[in-house]
Amino acid sequence: MSDTERKSKPRRAMVLAAGLGTRMRPLTDTMPKPMVPVAGKPLIDHVLDRLADAGVANAVVNVHYMAEQIERHLAHRTRPRIVISDERGLLLGTGGGVVKALPQLGRAPFLHINSDTIWIDGVQPNLERLADAFDPATMDAMLLLAPTAGSIGYDGRGDYSMAPDGSLRKRAEREVAPFVFAGAAILSHALFDKAPEGEFALTVLFDRAAEAGRLRGLRLEGLWMHVGTPEAIAAAEAAIKASTA
């Protein structure tokens, strides 16, 4: 594989939009979480606009809870072009949902992004940085990681520790880790070789890749916002407003 082929920008993306959004209630009593507005537009539009700016031409969006609202909202979107992966009959989890969508994602590495993740970029867009850093010869997945300290709306214990070469170690049960998965990654099809069937979490495959030395991380440049509850929306909107002032 040539350097040009290895460093080409992903043209396809998987957007996870099938979750139940229970922590966002009561807002999600009447709408799916990807449709919750933040700073004047639904969360999913923040994600899709960022993918369009990154050169993504086609995005597969999986749907389950209040799927019709998302389908109607995306029906006329052309940048990126949208393909719906329907999970109304069975919610497949973050891993099974991607497996179902693999035929629509092509054979090249693709971007993977949660429909509710928001960040403010630094000098170079983070999705561009992921594309530049990803090497399918040595990696099956590269995760965008935000520091647990300083990220807006996040009060958890983190997900990973990261070595200087970007290799990752998962947080042990009683530990506190310095980085949290920011909900965006580049994934290779090799990650899904012999994947479980049906519903499963994508972290199962991340763990397997880490054990094989093929999981890497990239520190997010800028500011990540964890919009997981109604209370977190105001903090995210204030940060976005400050960044454009």
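The side chains of D165 and S167 are joined by a polar contact of 2.7 Å. D165 sits in a loop of this predicted model, and the loop runs between strand 9 (160–162) and strand 10 (168–170).

- D165 has a relative accessible area of 52%, so it counts as exposed, the cut-off being over 50%.
- In sequence, D165 and R107 are 58 residues apart.
- In space, the C-alpha atoms of D165 and R107 are 26 Å apart.

**Aromatic pairs**

- The structure holds three aromatic pairs.
- One of them is formed by F110 and F192, whose rings are stacked, with 6.3 Å from centre to centre and 20° between the planes.
- This pair links distant parts of the chain, since F110 and F192 are 82 residues apart.
- F110 belongs to strand 6 (residues 110–114), while F192 lies in the loop between strand 11 (179–187) and helix 6 (203–211).
- F110 is buried, with a relative accessible area of 0%.
- F192 is also buried, because its relative accessible area of 7% is under the 20% cut-off.
- Another pair is made by F181 and F206, and its geometry is edge-to-face: the centres are 5.8 Å apart and the planes are at 80°.
- F181 is in strand 11 and F206 is in helix 6, so this pair ties together parts of the chain that are 25 residues apart in sequence.
- F181 has a relative accessible area of 18%, which is under 20%, and therefore F181 counts as buried.
- F206 counts as buried too, at 2% relative accessibility.

**The loop residue P32**

- P32 is found in the loop between strand 1 (12–16) and strand 2 (37–38).
- Although P32 is in a loop, it is buried, with a relative accessible area of 0%.
- Leaving aside residues up to four places away in sequence, P32 touches Y65, M66, Q69 and I70.
- P32 and G106 are 74 residues apart in sequence, and their C-alpha atoms are 28 Å apart in space.

**Helix 2 and helix 3**

- Helix 2 covers residues 43–53 and helix 3 covers residues 67–74.
- The axes of helix 2 and helix 3 come within 12 Å and cross at roughly 45°.
- The crossing of helix 2 and helix 3 is right-handed.

**Burial along helix 2**

- Helix 2 is mostly covered, with eight of its eleven residues buried.
- These buried residues are L43, I44, D45, H46, V47, L48, L51 and A52.
- Just after helix 2, G55 takes a positive phi of about 90°.

Terms used. Residues are numbered from 1 along each chain as its sequence is written. This is a predicted model: local features need pLDDT of at least 70, side-chain atom pairs count only at pLDDT 80 or more; totals for chains, interfaces and linings use all residues. Side-chain values use heavy atoms; hydrogens and water are left out. Helices (H or I, at least four residues) and strands (E, at least two) are DSSP runs, numbered from the N terminus. Buried means under 20% relative accessible area, exposed over 50%, partly exposed in between (1.4 Å probe, protein chains only). A polar contact is a pair of N or O atoms within 3.5 Å; within protein, one must be able to donate a hydrogen and the other to accept it, and residues adjacent in sequence count only if both atoms are side-chain atoms. Rings of Phe, Tyr and Trp (its six-membered ring) pair if their centres lie within 6.5 Å; planes under 30 degrees apart count as stacked, over 60 as edge-to-face and the rest as tilted. Contact means heavy atoms within 4.5 Å. Axes are lines fitted to C-alpha atoms, for helices over the stretch in contact, and angles run from 0 to 180 degrees between N-to-C directions. A crossing is left-handed if the near helix is turned anticlockwise from the far one by less than a right angle, and right-handed if clockwise.
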